[in-house]
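Here is a short tour of one structure, written for someone who likes to look at atom pairs. Have the viewer open as you read.

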Amino acid sequence: MSGIYIHIPFCKQACSYCDFHFSTKMSSKDKMIDALCKELKMRKASFANDQIASIYFGGGTPSVLSPIEIERLIETVYLHYQITATPEITLEANPDDLSEEYIKALAKTKLNRLSIGVQSFHQEDLSFMNRAHNAGQSKEALHWVQEYFDNYSIDLIYGVPRVGMASEEQDLLWSENVKTALGFSPNHISAYALTVEPKTLLDHQIKTGKLPPLDESRAHMQFNELRRLLKDAAYDHYEFSNFSKQGFHAVNNSAYWEGKPYIGIGPSAHSYDGESRSWNSASNPLYIKAISEGTRPFEVEYLSVSERYNEYIMTGLRTSKGVELAKISALFGQKYASYTLREAQKKIAEGHLELVHESVLKVTQSGLFFTDGIAAQLFYID
Ligand code: SF4
């Protein structure tokens, strides 16, 4: 079973840390929706013999679309693809878009899950990140979401600095954020560390000395506190950045981590068919023009066995399932399974990795915050 990702490349304003593809000019929105529908139709052969288990609207800011526009896109998927009986259909939404009227209208579409970009319940953090919404809007939006949607996720960001504030106070504010999110009892919480991506405003502010570099030890402390609070509240920490109540793992993202195929529709969207990865042009005008002329503007890269192995190691170690040696052997060859085991020994001795039942490698509690670095040490370089 596969998934469809639809990229909505518009945002009201640029958040200081963001390097996703979006435009703040919305004048081409109607043409963009026509193009997205056309690309969905053009690529229907990709999944002619497969069923779609999830549809995910990401961005950008999908909640800048009207419920009618969202419904049109969902109906286009239903028209051209085979959909499972109970697909997960998610829309990423920003709090400033979520009036009661809008949420009520969304609930009448086939959407059955919202992922809400709260990021912080503190106004200072939101201003620091240049988010378009304010702290009050998040709480009000969540109140209405609870009323009309059974299934929703809250996004938070940790490691947001407060220049001049003591570390303990910063950590306390983060704890408050997590507790406030828990107060709404969402089925799912995603929490990401604030990171400095090249060419973002945050990058510029740090490089020009307007802000000090981010403090990784704060992020580490806050990650541990996040895990402690969510564990106490019985959330399953099933992927490095993702926590859920029982039975509410995100279907769409879990499929990525399991290496299942998916197609990405829209500018900058990535697709994966099990052997190659392709990505559409990250230009709204170029994308609209090409699709209207009947061509998909994309680049493709065929993944070598080693590259596919490296991806499995990275995504697998980030999940609570870990990586299976038998699966590595079956997918990539015994050579890779032996290599994994050999390279893992040092991290096992350090206590950052464990070999469960002599068949599954998992990151331990002490290694968890360093998962990406540990995975990189198991990469196979041709
Ligand atoms: S709303 Fe999301 S996609 Fe848009 S600028 Fe902010 S973080 Fe980036």
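This is a predicted model: local features need pLDDT of at least 70, side-chain atom pairs count only at pLDDT 80 or more; totals for chains, interfaces and linings use all residues.

| Pair | Closest N to O distance |
|---|---|
| Lys346 and Glu350 | 3.8 Å |

Lys346 and Glu350 sit four residues apart in helix H13 (residues 334-350), about one turn of the helix. Lys346 is exposed, at 57% relative accessible area, while Glu350 is partly exposed at 39%.

Glu88 and Arg113 bring together distant parts of the chain, 25 residues apart: Glu88 belongs to strand E3 (residues 82-93) and Arg113 to strand E4 (residues 113-119). Glu88 counts as buried because its relative accessibility is 8%, and Arg113 counts as buried at 4%. Elsewhere, salt bridges link Lys12, Asp96 and Asp97 in a network.

Now for the nonpolar side. The largest nonpolar core holds 83 residues, and Ile6, Phe57, Leu111 and Ile328 have the most contacts inside it. Helix H1 (residues 29-42) is the biggest contributor, giving six residues. Apart from its neighbours within four places in sequence, Phe57 touches residues including Ile6, Ile8, Leu91 and Leu111. A second, separate core has 10 residues, among them Phe128 and Leu202.

Finally, strand E1 (residues 2-8) pairs with E9 in the parallel sense, over four bridges, and Tyr5 stands opposite Gly264 in E9.

Methods
Residues are numbered from 1 along each chain as its sequence is written. Side-chain values use heavy atoms; hydrogens and water are left out. Two strands pair if DSSP finds at least two bridges between them. Helices (H or I, at least four residues) and strands (E, at least two) are DSSP runs, numbered from the N terminus. A nonpolar core is a set of buried Ala, Val, Leu, Ile, Met, Phe, Trp, Tyr and Cys residues joined through side-chain atoms within 4.5 Å. Buried means under 20% relative accessible area, exposed over 50%, partly exposed in between (1.4 Å probe, protein chains only). Contact means heavy atoms within 4.5 Å. A salt bridge is a side-chain nitrogen of Lys or Arg within 4 Å of a carboxyl oxygen of Asp or Glu.
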